[in-house]
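Trainee: I would like to go through the labels on this model one by one. Please give me the value behind each of them.

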Amino acid sequence: MPSPSPPGQPARRQQGRRAAAPGSDLREAILAATAGLLADHHFGDLAVGDILTTAGVSRGSFYFYFDSKHAVLAELVRRAVAQGHAAAAPWLAGPADPAAALRAGITAGAELWQARAPVLRAIVENWRTDPRLTALWLEQMQTFTDATIAQITADPSALQALSGQDIPAVAAALTWLGERLYYLAAESTPPFDSQDTLITTLLHIWTTALYCQPQARTADSLPPGEPS
């Protein structure tokens, strides 16, 4: 049994023992460090050692929670996708005004991509480089396609507009188009570096495809000098 420290001096740690933070804190530290590093590192160039240094955790702690940097990215992506479903919830709830709900969902999606740009750029740019990431991104994108299919089949006006069409294919096309345009916006690629252009374009495509009713541009969205 170790002897007590002299009065006025801090207690000595037992040799070979470290004060450990709660496990959930270590896991969150790894996730936060990875998300931060992706802001200025390509995922392919990111090493586990970089994550360890930034998170301030040991290699053993890292591998207790994750088997690779790919597993860390996968968890970050799942969290972002969950937020994406929350953003789309108003339209998926079968609103009285689908176009307004779509605008709200597309706007929230654009904001999410801007807030989570490093993580979402990493998965879009790397999902074909590793079988685990390929399976992950296809699975996550399919959740959006399935939700779109469910909403279309529950909406008589959308079903009428898509009569004779392959609904799963249309839903997948809309889903993957959104992924690509959000990515271009997150990369500040013209013309989608303008959030208004991004939102207006996606809304036009979705409302035209699903309701055969192009969403009219508001006066605020018209270029200067163009008559309404």
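Trainee: What makes Y63 partly exposed?

Mentor: First, a caution: this is a predicted model. Y63 has a relative accessible area of 40%. Buried means under 20% and exposed means over 50%. The value for Y63 lies in between, so Y63 is partly exposed.

Trainee: And F62, buried or exposed?

Mentor: F62 has a relative accessibility of 0%. The cut-off for buried is under 20%. F62 therefore counts as buried.

Trainee: Why is the pair of F62 and Y63 called edge-to-face?

Mentor: Two values describe a pair of aromatic rings: the distance of the centres and the angle of the planes. For F62 and Y63 the centres are 5.0 Å apart. The limit for a pair is within 6.5 Å, so the two rings pair. Their planes stand at 80 degrees. Over 60 counts as edge-to-face, so that is the name for F62 and Y63.

Trainee: What does E75 touch, leaving aside its neighbours within four places in sequence?

Mentor: E75 is in contact with R27, L31 and F66.

Trainee: Why is α6 called oblique to α9?

Mentor: The axes of α6 (residues 117–126) and α9 (residues 167–186) come within 10 Å and cross at roughly 125 degrees. Roughly perpendicular ends at 115, and roughly antiparallel needs over 145. The angle falls between these limits, so α6 is oblique to α9. The crossing of α6 and α9 is left-handed.

Trainee: Which residues make that contact?

Mentor: From α6 they are A117, R121, V124 and E125. From α9 they are E179, R180, Y183 and A186. By class, the contact of α6 with α9 has four nonpolar, four charged and no polar residues.

Trainee: What makes S188 and P191 worth a look?

Mentor: Most residues other than glycine have a negative phi, and most peptide bonds are trans. S188 is not a glycine, yet has a positive phi of about 55 degrees. The peptide bond from P190 to P191 is cis, with omega near 0 degrees.

Trainee: Where is S188 placed?

Mentor: S188 is in the loop between α9 and α10. P191 is in the loop between α9 and α10 (195–211).

Terms used: Residues numbered from 1 in each chain as written. Predicted model: local features only at pLDDT ≥ 70, side-chain atom pairs only at ≥ 80, totals over all residues. Heavy atoms only, no water. Axes fitted to C-alpha atoms, helices over the stretch in contact; angles between N-to-C directions. Helix = DSSP H or I, 4+ residues; strand = E, 2+ residues; numbered from the N terminus. Parallel < 35°, antiparallel > 145°, perpendicular 65-115°, else oblique. Left-handed = near helix turned anticlockwise from the far one by under 90°. Contact = heavy atoms within 4.5 Å. Nonpolar A, V, L, I, M, F, W, Y, C, P; charged D, E, K, R; others polar. Phe/Tyr/Trp six-rings, centres within 6.5 Å; stacked < 30°, edge-to-face > 60°. Buried < 20%, exposed > 50% of the residue type's maximum accessible area, 1.4 Å probe, protein only.
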